Amino acid sequence: MLDIKTLRADPEQIAQALAVKGYVMDIQQFVQLEEQRKRLQSETEKLQNERNVKSKSIGQAKANGEDIQPLLALVGDLGERLDAAKAEFATVQEEQQGLLMSIPNLPHSSVPAGRDENDNVELHKWGTPKSFDFEPLDHVDMTASGGLDFETAAKISGARYVVMRGNLARLQRALTQFMLDQHTQVNGYQEVYVPFIVNADSMRGTGQLPKAAEDMFRINGDTETYLIPTAEVPVTNIYRGEILQESDLPIRHVCHTPCFRSEAGSYGRDTRGMIRQHQFEKVELVQLVHPATSWDTLDTLTGHAEGILQTLELPYRAVNLCGGDLSFTSAKTIDLEVWLPSQQQYREISSCSNFLDFQARRLQARFRNDAGDIELVHTLNGSGLAVGRTLVALLENYQTNNGKVTIPDALSPYLGGAQTLSLDA
């Protein structure tokens, strides 16, 4: 959530900045609500003061044995008018809060203008896509013997799910453990395990609600709960309502969870295979940091995700997302896109974002600085990496013409020292 003081100071400048994201801010609505709020706040305070003064006068008169009926007549309907003003004031505040919750984060000045992913700006590439002396297959055809079983998953759950068998299930587990070990033992993250079901307050805290409600799986029941779309939600919400010490920062967490998304806005894209599924797994990186360090932290966190790709020797590129492709909550996002031979293009495998204090203001995640003052932390996160897409990239980039996959040296110890792996179920 944006700082309302910033909005009050210059709503037109805020609206201009948000236009980079393609968001049209209703300045008139905000100004009208702000005028109503100020008027009702002033009226409520005036009536409250009047009641206090008259109540004090009545108390003094009563103590002196004087007739208080004339004073009671002056009070009259003052209480009712005060209650009505308070109710109207609360209604306007609630409406204003709802408007604030619907306004996205401001994009950083380095975010390029643009409408969609076609306008993202490439920052750098790493690695050279492999040349094959045979026609490379995509991961679906490679695993046609049943290692990745989409038909059985459809029978069990529906479209966009998968059953993994044998070496494919083992390979996914190995990738997950490899990533967790890299981030905990090399990059200095603390591993956490969290619930996979969260309440509405948690979803609002990190910004999934109300904006992205249609992309979430809501659980029917007496309370409003959701399957997590990413570990970002429960991990960041660990610190909702907390006041940390400055010495506690930075906080670095890594978390492996399944992720659940309805993909309501995908309109049938990437329906083949594992690129876009309703259930998938990620190893997520989350950091809470001092505001002065968050931009350096974005570079560091992105580097940790890149390190996984480099260690696995998977070619990729980094892109700076344009305003139109930037999420509701992000001030800036660097996407890492891995090379997929079957598509002859780079595809997203990690998004690393700085939210500044946008999430922290919703969460009331704060710290006490050395001067004793309370400040909002800055939050960041990124995939380190999306496990299923890493599996797809490894299969396609390391495929051989005899139906096997070569195992990268860094991953071999997690597979009992295997140098190759058969894809038979």
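**Close-up views of a predicted model**

**View 1. Strand E9 and its partner strands.** In E9, the bridge partner of Glu191 is Val254. This is a predicted model, where local features need pLDDT of at least 70, side-chain atom pairs count only at pLDDT 80 or more, and totals for chains, interfaces and linings use all residues. Residues are numbered from 1 along each chain as its sequence is written, and side-chain values use heavy atoms, with hydrogens and water left out. Strands (E, at least two residues) and helices (H or I, at least four) are DSSP runs, numbered from the N terminus. Two strands pair if DSSP finds at least two bridges between them. Strand E4 (residues 190-191) pairs with E9 in the parallel sense, over two bridges. E9 also pairs with E10, in the antiparallel sense and over 10 bridges. There, Arg252 has Gln287 in E10 as its bridge partner. Eight of the 10 residues of strand E9 (residues 251-260) are buried, so the strand is largely enclosed by the rest of the structure. Buried means under 20% relative accessible area, exposed over 50%, and partly exposed in between (1.4 Å probe, protein chains only).

**View 2. Glu284 in strand E10.** Strand E10 holds Glu284. Is Glu284 buried or exposed? Glu284 is buried, at a relative accessible area of 2%. Its side chain joins that of Lys282 in a polar contact of 3.0 Å. A polar contact is a pair of N or O atoms within 3.5 Å; within protein, one must be able to donate a hydrogen and the other to accept it, and residues adjacent in sequence count only if both atoms are side-chain atoms. Not counting residues up to four places away in sequence, Glu284 touches Thr230, Ala231, Glu232, His253, Val254, Cys255, Asn381, Gly382, Ser383 and Gly384. Contact here means heavy atoms within 4.5 Å.

**View 3. The largest nonpolar core.** A nonpolar core is a set of buried Ala, Val, Leu, Ile, Met, Phe, Trp, Tyr and Cys residues joined through side-chain atoms within 4.5 Å. The largest one has 48 residues; Leu171, Leu175, Met179, Leu309, Leu391, Leu395 and Leu411 touch the most other members. Elements that each supply at least two residues include helix H8 (166-186), helix H11 (294-311), strand E13 (345-354) and helix H13 (387-397). H8 gives the most, with seven residues. Leu391 touches Met164, Leu168, Leu171, Gln172, Leu175 and Met274, not counting residues up to four places away in sequence. A second, separate core of 19 residues includes Leu2, Met25, Phe30 and Phe358.

**View 4. Helix H8, end to end.** H8 has 21 residues and, at 1.5 Å a residue, should span 30 Å; its end C-alpha atoms are 30 Å apart, which agrees. The expected span is 1.5 Å times one less than the number of residues. Its buried residues include Leu168, Leu171, Leu175, Phe178 and Met179. Just after H8, Gly188 takes a positive phi of about 80°.

**View 5. A three-stranded sheet.** The strand order is E5-E7-E6, in an open sheet with antiparallel pairing. Strand E5 (197-199) and strand E6 (218-219) stand at the edges, each with a single partner strand, so one side of each is left without a neighbour in the sheet. E5 pairs with strand E7 (residues 225-227) over three bridges. Ile197 stands opposite Leu227 in E7.

**View 6. Salt bridges.** A salt bridge is a side-chain nitrogen of Lys or Arg within 4 Å of a carboxyl oxygen of Asp or Glu. By this rule the count comes to 12. In the one between Arg8 and Glu34, the closest N and O atoms are 2.8 Å apart. Arg8 lies in helix H1 (residues 4-9) and Glu34 in helix H3 (residues 27-63), so the pair ties together parts that are 26 residues apart in sequence. Arg8 is partly exposed at 34% relative accessibility, whereas Glu34 is buried at 9%. Arg39 and Glu88 form another salt bridge, with closest N and O atoms 4.0 Å apart. This pair links helix H3 with helix H5 (residues 78-102), 49 residues apart. Asp201 and Arg204 also meet in a salt bridge (2.7 Å, N to O). They are three residues apart in helix H9 (residues 200-206), about one helical turn. Salt bridges that share partners join Arg8, Glu34 and Arg37 into one network.
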